[in-house]
Each structure stands twice: as structure tokens, then as C-alpha cells.
Amino acid sequence: TVADCRLRRLAHSQEARSLAAAEARRKGMRAVVQRVLSASVEVEGQVVSAIGPGLLVLVGVHEADTSSDADYICRKVLNMRLFTNEKTGKAWDQSVSLRVIYKQFCLGEHSAC
């Protein structure tokens, strides 16, 4: 019937919009944060950078990402409360920005930066 056909088209268009929205979310910049005792980056068997205790942050970037996306991810990571507040003793109360000494290493698709 005409009503069934309209319902199928409506369901299909809603599904298409939902799939498009999910695809758009998948393409955004992502960061995975891990507390480590040590971490290093090797290129062709040579250690090119290493850290002791701290955070390892892996960032995935899509070609559609902008510098404002990078600023957003950076702020999110720096404001994460991952450490014990030494003044109060409260766990998970001190942000990364107040605790971490920064050491940066970028590994691009083809070269280190």
C-alpha cells in the first residue's frame, strides 16, 4: 500500500541519516591515554625517543580534522584527573596539566616531527 511504502522510505531515510552521523563521528580525532612506567618509540630498530613514568598519548587524526580539533583534544587530555592530589590525598583528583612535565615526540605518517 501507499502507507507501507511511505513508512519504508521514512525508515530508510532515518537509517541513512543515522549511518551518516555515525560515519561522521568515526572520522573525528581520537586520543588514547595510558599511564606507563616507561615508553619508547623505535624506528628501524633504533630508539628515537623514550620517557620514564608518565602518560603515553596516542592521537589519531583524520584528514578532515582541524587545528581546533587538536586544541580540543589537548585541553581534554590536560584536564583529565588521573593523579592523586598530594595535598588532600584524594585519588583521581589532580589534573594532568598540574602534574606532568611535558616531553613530546610526534611520529607522522612518514616522518618524525
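In the predicted model, Ala39 is positioned opposite Ile51, a residue of strand 3. The pairing belongs to an antiparallel arrangement in which strand 2 (residues 39-43) is joined to strand 3 (residues 46-51) by five bridges. In a regular strand, side chains alternate between the two faces of the sheet.

Strand 2 and strand 3 together form a hairpin, with two residues between them. Glu44 is located in the loop that links strand 2 to strand 3. The phi angle of Glu44 is positive, at about 55°, although the residue is not a glycine. With a relative accessible area of 78%, Glu44 is exposed.

A positive phi of about 55° is also found at Trp92, again a residue that is not a glycine. Trp92 is part of the loop between strand 5 and strand 6. Its relative accessibility is 55%, and Trp92 therefore counts as exposed, the cut-off for this class being over 50%.

One salt bridge is present in the structure. It is formed by Arg81 and Asp93, whose closest N and O atoms are 3.8 Å apart. Arg81 belongs to strand 5 (residues 81-83), whereas Asp93 is in the loop between strand 5 and strand 6 (94-95), so the contact ties together parts of the chain that are 12 residues apart in sequence. Arg81 has a relative accessible area of 49% and is partly exposed, because the exposed class requires a value over 50%.

Definitions and conventions
Residues numbered from 1 in each chain as written. Predicted model: local features only at pLDDT ≥ 70, side-chain atom pairs only at ≥ 80, totals over all residues. Heavy atoms only, no water. Pairing = 2+ DSSP bridges. Helix = DSSP H or I, 4+ residues; strand = E, 2+ residues; numbered from the N terminus. Salt bridge = Lys/Arg side-chain N within 4 Å of Asp/Glu carboxyl O. Buried < 20%, exposed > 50% of the residue type's maximum accessible area, 1.4 Å probe, protein only.
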